[in-house]
Amino acid sequence: MEWPTVALWLAVVGCWALVQALPLPTGLRFVAVLVLAAWYMSLQHELLHGHPTRLDGFNRLLGILPLALWYPYDLYKAHHLAHHQDQHLTEPGVDPESNYRHAGTPLARCQRALLTSQRTVAGRLLLGPGITVAHLLADIARAIARRNVKQLWLWAQHLALAVALLALVPVSAWEYATAAYFGLGLAMLRSLYEHRPAALPAHRIVINEAALPWRLLYLNNNYHAVHHTHPDLPWYRIPARYRADRAGYLQRNGGFLVPGYLWLLRRHLWKPVDSPILPEKA
């Protein structure tokens, strides 16, 4: 049992319950739910990687609460663990978290515009959740068309829990869903420039030397090269591992270093960090 992660779960869920119980102004409650939704998704990331125990069923019980509303824990787990095939990072059709398309892929103008928007901070925050929700709806439609009972049962559980949660909160379902929408956007900001095209898989994984509030929000996953090298390392041990071998990690990832999320906000609010089209030889 990793007690720091248990304490984190209690803190996140406790803060969520407190926000629902207190007579907060509407705007403050909205921001609180938004931030807590993003923080909870960071916690779910820890749970699906085998924390705080090695018992998947127990970790799942901690993670299936739909506090972030939109993304089912089980689906997140399946997609994310497939993403950890590092030799296929950024590869469209193989890496489920890829933000890229192969050169020569037929794309309508609107598709190219949406893909490019996801390489900017504004697009990631504002449009990214909508694109993700559209993919999730398509996932449900495919499951229905293929009569995939396992997938439909997953969605039935998530939707039942979401309905129960929305019945408990002191705001309308629309207000909560909107706050959770932007919470998903805040969670997605972390992955805006988390990976890049490169010949060597190790060179595709960033080190983001973020400030403490961002590190807490994303549970040190900003040190992403450390996480990919040691995916079983708990969140609270990642910074020390990075500090012990900073030069080594930067040498192994080809110097792929971002000096923080505020740097991304200043430089890439509207300007893409790179092209969504993979270079021919990447």
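**Entry 1: largest pocket**

I noted that α7 gives the most to the lining of the largest pocket, with 8 residues. I worked on a predicted model, in which local features need pLDDT of at least 70 and side-chain atom pairs count only at pLDDT 80 or more, while totals for chains, interfaces and linings use all residues. Residues are numbered from 1 along each chain as its sequence is written, and side-chain values use heavy atoms, with hydrogens and water left out.

I took a pocket as an open set of points on a 1 Å grid over the protein atoms alone, with protein on both sides within 12 Å along at least five of seven lines; lining residues have an atom within 4 Å of a point. Helices are DSSP runs (H or I, at least four residues), numbered from the N terminus.

I recorded about 1,200 Å³ for the largest pocket, where a volume is the space filled by probe spheres set on points joined across faces, edges and corners. Its lining has 44 residues, and Pro96, Glu97, Ser98, Asn99 and His135 lie nearest the centre. At least two lining residues come from each of α2 (26-48), α4 (73-83), α5 (109-117), α7 (128-145) and α9 (173-189).

I sorted this lining into 20 nonpolar, 15 polar and 9 charged residues. Ala, Val, Leu, Ile, Met, Phe, Trp, Tyr, Cys and Pro count as nonpolar, Asp, Glu, Lys and Arg as charged, and the others, Gly among them, as polar.

**Entry 2: second largest pocket**

I found about 210 Å³ of space in the second largest pocket. Among its lining residues are Trp70, Leu137, Trp155, His158 and Leu166. The elements giving two or more residues to this lining are α7 and α8 (149-168), and α8 gives the most, with 6. By class I listed 11 nonpolar, 1 polar and no charged residues.

**Entry 3: cavity**

I next looked for cavities, sets of points where a 1.4 Å probe fits but cannot get out. The count is 1 cavity of 30 Å³ or more. The largest cavity has a volume of about 40 Å³, and Val12, Trp16, Val33, Leu36, Ala37, Tyr40, Leu67 and Tyr176 line it. Two or more of these residues come from each of α1 (3-21) and α2, with α2 giving the most, 4 residues. I classed the lining as 8 nonpolar, no polar and no charged residues.

**Entry 4: Phe58**

I located Phe58 in helix α3 (residues 56-63). Phe58 counts as partly exposed because its relative accessibility is 36%, the class between buried (under 20%) and exposed (over 50%), with a 1.4 Å probe and protein chains only.
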